[in-house]
Amino acid sequence: MNERYELNKNLAQMLKGGVIMDVTTPEQAVIAEKAGAVAVMALERVPADIRAHGGVARMSDPKIIKAIKEAVSIPVMAKVRIGHFVEAQVLEALKIDYIDESEVLTPADESYHINKWQFKVPFVCGARNLGEALRRIGEGASMIRTKGEAGTGNVVEAVRHMRTITAEIKRLTTLSDEELMTAAKELQAPYELVKYVAENGRLPVVNFAAGGIATPADAALMMQLGADGVFVGSGIFKSENPEKRAEAIVKATTYYDKPEIIAEVSEGLGEAMNSIDIRDLSEKDLYANRGW
Amino acid sequence: MRVGVLAIQGSVEEHIDKLKRLDGITPVEAKDKETLKRVDALILPGGESTAIGKMLNDFDLKDVIIELYRSGAPIWGTCAGMILMAKHIVNDDKVHLGIMDIKVRRNAYGSQLDSFTTKLSMPDVSKDEIDAVFIRAPYIEDVGENVKVLSRYNGKIVAAREGNLFATSFHPELTNDLSFYKYFLGLQ
């Protein structure tokens with residue numbers, strides 16, 4: 001592995017146990033940092049608004065990204081469309097700290113994800129299962145997150161994806177060496193990475209939960225299910241009291257195994273974001289199905 | 001010897017894994033007062049100092065750590081941990097534990113694209129050069145009279161010691177080298 005890739009994996013390790021928050025303005029970024037976010041995701045619209053707005057969702061205006069970078073001292077991430085390597089080149093030129101090649105934006109390429117090895121800047125990518133996670137890592141992603149179903153305020157898909165990845169990892173650790181190539185074929189994943197997971201019982205990169213986390217208990221649930229940390233998108237700034245909810249989600253992520261603390265911080269947070277039952281979404285509205 | 005790793009956020013398990021390789025050391029993840037009170041030494045890991053600092057404050061953990069320092073227990077901050085210990089932060093109006101007489105600059109090297117690895121000479125710690133990983137790292141701009149500079153990189157101070165306090169800009173928890181752990185715990 002090259003040195004740059006190791007450094008990029010290392011930055012994700014420094015974010016572990018923390019919360020990464022979607023923000024659309026410098027003011028929101030400051031609120032997130034004060035609440036204890038370990039990084040912010042600079043966006044033009046949070047996923048719930050992308051859903052409501054429709055049309056093509058693209059990388060944010062560099063002006064917004066620069067203003068947000070200026071406003072905070074914590075790492076700043078930003079999203080590019082799946083396969084849109086020029087948007088990624090732009091973000092690298094802006095010296096962003098992490099790029100999210102994200103299904104929340106409208107895909108630019110239906111066959112190919114970005115060849116992330118061509119970049120110095122690190123990438124995080126979404127995954128629904130182990131095969132997808134390992135394909136993205138094979139392309140150079142240095143951090144993985146569950147896809148969940150962004151902008152719904154419904155944690156069920158993030159839970160499904162995290163449980164699936166965990167179960168598939170566990171299964172690999174029980175296989176004998178001669179079974180691993182067949183497993184790689186079935187998972188449609190690079191053999192070397194399958195072998196790594198079988199030997200180590202974990203992904204070679206940090207794995208966060210994302211997509212539908214709206215409450216402190218949701219964040220703690222994902223942590224107890226084995227997430228290394230959480231992304232919260234619409235859950236904070238589409239809720240009634242963003243400051244209070246942001247802080248509560250950070251505390252519940254650190255103290256995910258202390259129910260008395262989760263109880264305390266969950267009190268009086270006001271309304272959560274408007275939420276959606278996944279079954280009410282039509283096939284074309286499922287962001288998790290974007291990418292492969 | 002029970003060695004705690006402050007387990008609010010960041011490179012906690014990396015430090016724990018390194019400590020497990022040392023004989024006679026029991027690593028402990030510590031994120032509440034009771035656990036912090038019962039350690040013989042403490043590591044403040046890498047992570048985001050704003051996030052960890054806020055939790056130290058909100059969960060009233062500062063005094064326990066300061067008490068630990070006063071009792072003479074060795075305390076070592078890596079990267080964010082160094083910022084938490086500093087009495088002065090050049091580009092931040094917030095001071096967290098404020099126990100070590102150093103003046104630090106946060107994100108001193110720039111964004112993630114400026115993160116790097118290098119080899120450092122540190123005669124007190126190791127006779128060989130040691131690998132050092134700098135991730136959006138701080139450095140020390142100035143030190144008080146009782147602080148010993150352990151290493152510099154391009155003229156900037158990146159490792160220092162003041163009595164039982166140890167600070168590194170870089171992350172020994174991310175390499176295979178145990179020499180700083182041994183130095184910190186007096187196992188040389």
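**Exercise 1. Find which side chain makes a polar contact with Glu173(B), and say where Glu173(B) sits in this predicted model.**

*Solution.* 
Step 1. Start with the contact itself: the side chains of Glu173(B) and His15(B) are joined by a polar contact of 3.4 Å.
Step 2. Now place the residue in the fold. Glu173(B) belongs to the loop between S12 and H6 of chain B.
Step 3. Check how much of it shows. Its relative accessible area is 2%, and the limit for buried is under 20%, so Glu173(B) counts as buried.
Step 4. Look at who surrounds it. Skipping residues up to four places away in sequence, Glu173(B) touches Met14(A) from the other chain, plus Ser11(B), Glu14(B), His15(B), Lys18(B), Gly46(B), Thr78(B) and Tyr181(B).

**Exercise 2. Which residues of chain B does the UniProt record mark as "active site", and how far apart do they get in space?**

*Solution.* 
Step 1. Read the record: an unreviewed UniProt entry puts the annotation "active site" on Cys79(B), His171(B) and Glu173(B).
Step 2. Compare sequence with space. These residues are spread over 95 residues of sequence, yet they cluster, with a largest C-alpha distance of 10.8 Å.
Step 3. Zoom in on His171(B). You'll find it in the loop between strand S12 (165-168) and helix H6 (179-184) of chain B.
Step 4. Is His171(B) buried or exposed? Its relative accessible area is 0%, so it is buried.
Step 5. List its contacts, again leaving out residues up to four places away in sequence: Met14(A), Gly46(B), Thr78(B), Cys79(B), Val133(B) and Ile135(B). Notice that Cys79(B), another residue from the annotated set, is among the residues His171(B) touches.

**Exercise 3. Work out which parts of chain B the salt bridge between Glu48(B) and Arg136(B) ties together.**

*Solution.* 
Step 1. Get the distance: the closest N and O atoms of this pair are 3.7 Å apart.
Step 2. Locate both ends. Glu48(B) is in the loop between strand S3 (41-44) and helix H3 (49-58), while Arg136(B) is in the loop between strand S8 (130-134) and strand S9 (139-143).
Step 3. Draw the conclusion: the pair ties together parts that are 88 residues apart in sequence.
Step 4. Check burial. Glu48(B) is buried at a relative accessible area of 6%, and Arg136(B) is buried at 9%.
Step 5. Now try a pair inside one helix. Asp58(B) and Lys54(B) form a salt bridge of 2.7 Å, N to O. Both lie in helix H3 of chain B, four residues apart, which is about one turn of the helix.
Step 6. Some bridges share partners. Lys16(A), Arg202(A), Glu13(B) and Glu14(B) are joined into one network that way.
Step 7. For the overall picture, the count over all chains is 35 salt bridges.

**Exercise 4. Describe the surroundings of Glu44(A).**

*Solution.* 
Step 1. Find the spot: Glu44(A) is in the loop between strand S2 (39-42) and helix H3 (47-53) of chain A.
Step 2. Its relative accessibility is 40%, so it counts as partly exposed.
Step 3. Beyond its neighbours within four places in sequence, Glu44(A) contacts Thr24(A), Met59(A), Ser60(A), Asp61(A) and Ile64(A).
Step 4. Pick out one of these: the Glu44(A) side chain reaches the backbone nitrogen of Asp61(A) at 2.7 Å.

**Exercise 5. Which residues touch the most other members of the largest nonpolar core?**

*Solution.* 
Step 1. Remember the general idea: in soluble globular proteins, nonpolar side chains tend to be buried together.
Step 2. Here, the largest core has 88 residues, and the ones touching the most other members are Met21(A), Leu91(A), Met222(A), Val230(A), Leu56(B) and Ile102(B).
Step 3. Ask who supplies the most. Helix H12 (residues 242-254) of chain A gives the largest share, five residues.
Step 4. Finish with Val230(A). Among the residues Val230(A) touches are Ile20(A), Phe208(A), Ile213(A), Met222(A) and Thr253(A).

Note on methods. Residues are numbered from 1 along each chain as its sequence is written. Chains are lettered from A and ligands numbered from 1 in the order in which they are written. This is a predicted model: local features need pLDDT of at least 70, side-chain atom pairs count only at pLDDT 80 or more; totals for chains, interfaces and linings use all residues. Side-chain values use heavy atoms; hydrogens and water are left out. A nonpolar core is a set of buried Ala, Val, Leu, Ile, Met, Phe, Trp, Tyr and Cys residues joined through side-chain atoms within 4.5 Å. Buried means under 20% relative accessible area, exposed over 50%, partly exposed in between (1.4 Å probe, protein chains only). Helices (H or I, at least four residues) and strands (E, at least two) are DSSP runs, numbered from the N terminus. Contact means heavy atoms within 4.5 Å. UniProt positions are given in the numbering used here, feature names are shortened, and annotations may be inferred rather than shown by experiment. A polar contact is a pair of N or O atoms within 3.5 Å; within protein, one must be able to donate a hydrogen and the other to accept it, and residues adjacent in sequence count only if both atoms are side-chain atoms. A salt bridge is a side-chain nitrogen of Lys or Arg within 4 Å of a carboxyl oxygen of Asp or Glu.
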